[in-house]
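Hi,

Here is the structure I promised to pass on.

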Amino acid sequence: MPAPVDLRRGLSTALTVLFGVLIASELAVLVAVSDQWSILGDFQDGKFISYKKADDADDFAMGMSVINFFVVVAVAIVWAVWFRRLRLNAEVFAPGQHRFTPGWAAGAWFTPVVNLWFPKQIANDIWRASSPQGPQAAKRGLLNGWWVTLIVGQVIGMVASIRYEVANTKMEDGDIESEKEAMDTIDSMHSALGASMFSSLVLIAAAILGLLLVRQITAMQAERATLPPQSGPAPYGPSGGLPYGAPAGQPYPNQPYGGAAPYGGQQYGGQQYGGGPGTPPPAPGQQAPGQQQYPYGSGPAGY
């Protein structure tokens, strides 16, 4: 029997506060990176830049990045715990209609490669199950916008960071053979910082959408808890111990595809043909067991 719905607001409140801190830390990173970007731009324009000013800008950017890292870790931990609770609540709202077990609701975020799409699939199932208007009326614009900005921001940020570190290491090691190569390396660092600034802007948008998402799904589940559970077949087929714990539903008796009639229900082998559940339909020209034969025009209406 599913556990009762857990509507406590402690985790969602903590996430709301943490998202506010995350937005502030991302803004600080944006300011620090823009300072680095501006200094390199001035250097490209031939302006004099002291080593101290450049070092101070690098130290400030490093400090803000470290603070941002710890904030991200805190958000990720609280988010995983909160997301698993959402999944448990969603099981009460729509029993057996989810592709992944509750354990994956937390673990998928920290599993390499599959964390690019498993969490979104779990979120889709939670969103449908938590919709007070029903699964078909669940509009996922906010959910999709948050996911796209999160993935795009992370990917661009990772690529930009790698490009900058490669170019910066080359400069620090003195592995430069000509003035042109030095300017090309600085140009690479400058463009990488520009991409990093864009990544910060996208991640700030993702954090804002994430904060709105927490408030929205919390309100949806609170309203959905006042309604009866969804009934019907699991939309993704029967469970069979598939990899990654998917899906969580159970097959329906006499329904080989995990669905409702016409697959294995009364339409085939049931009352229509006079047989019991699972009895195959009669061959053409043969009478089903228990079915009375009527001459044309003398039987019930429709025969």
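**Pockets first**

H5 gives the largest share of the lining of the largest pocket, 14 residues. Before going on: this is a predicted model, in which local features need pLDDT of at least 70 and side-chain atom pairs count only at pLDDT 80 or more, while totals for chains, interfaces and linings use all residues. Residues are numbered from 1 along each chain as its sequence is written, and side-chain values use heavy atoms, with hydrogens and water left out.

Helices are DSSP runs (H or I, at least four residues; strands would be E, at least two), numbered from the N terminus. Pockets and cavities come from a 1 Å grid over the protein atoms alone: a cavity is a set of points where a 1.4 Å probe fits but cannot get out, and a pocket is an open set with protein on both sides within 12 Å along at least five of seven lines. Lining residues have an atom within 4 Å of a point. Volumes are the space filled by probe spheres set on the points, with grid points joined across faces, edges and corners.

Back to that largest pocket: it holds about 1600 Å³ of space. It is lined by 43 residues, and Glu26, Asn68, Val72, Gln154 and Leu203 are the closest to its centre. H1, H2, H5 and H6 are the elements that give two or more residues to its lining. By class, you get 28 nonpolar, 12 polar and three charged residues (Ala, Val, Leu, Ile, Met, Phe, Trp, Tyr, Cys and Pro count as nonpolar, Asp, Glu, Lys and Arg as charged, and the others, Gly among them, as polar).

The second largest pocket has about 560 Å³ of space. Of its 18 lining residues, Leu40, Tyr51, Ala54, Asp58 and Met171 lie nearest its centre. H1, H2, H5 and H6 each supply at least two residues here, and H2 has the largest share with five. The classes are 12 nonpolar, three polar and three charged.

Searching the whole structure gives two cavities of 30 Å³ or more. The largest cavity has a volume of about 100 Å³, and its lining is made of Asp6, Leu7, Arg8, Arg9, Ser12, Trp82, Arg85, Leu86, Asn89, Thr218 and Gln221. The elements giving two or more residues to that lining are H2 and H6; H2 has the largest share, four residues. Split by class, the lining has three nonpolar, four polar and four charged residues.

What does the lining of the second largest cavity look like by class? It has 11 nonpolar residues, no polar and no charged. They are Trp79, Trp82, Phe83, Leu86, Ala123, Ile126, Trp127, Leu143, Trp146, Leu213 and Ile217, around a volume of about 70 Å³. H2, H4, H5 and H6 each supply at least two of the lining residues, and H2 gives the most, four.

**Helix H5**

H5 covers residues 141-172, and its 32 residues should span 46 Å at 1.5 Å a residue, which agrees with end C-alpha atoms 46 Å apart (the expected span is 1.5 Å times one less than the number of residues). Its buried residues (under 20% relative accessible area with a 1.4 Å probe, protein chains only; exposed is over 50%, partly exposed in between) include Trp146, Trp147, Gly153, Gly157 and Asn168. The buried residues of H5 pack against H1 (10-44), H2, H4 (118-130) and H6 (179-224). After H5 comes Gly174, with a positive phi near 70°.

Val75 lies in H2 and counts as buried because its relative accessibility is 8%. It touches Leu15, Leu18, Phe19 and Leu22, not counting residues up to four places away in sequence (contact means heavy atoms within 4.5 Å). Val75 and Leu15 are 60 residues apart in sequence and 6.8 Å apart in space, C-alpha to C-alpha.

His98 sits in the loop between H2 (51-93) and H3 (102-107), and counts as buried because its relative accessibility is 2%. The side chain of His98 reaches the backbone oxygen of Ala90 at 3.1 Å, and a polar atom of that side chain lies 3.4 Å from the backbone oxygen of Ala94.

Cheers

Notes
A polar contact is a pair of N or O atoms within 3.5 Å; within protein, one must be able to donate a hydrogen and the other to accept it, and residues adjacent in sequence count only if both atoms are side-chain atoms.
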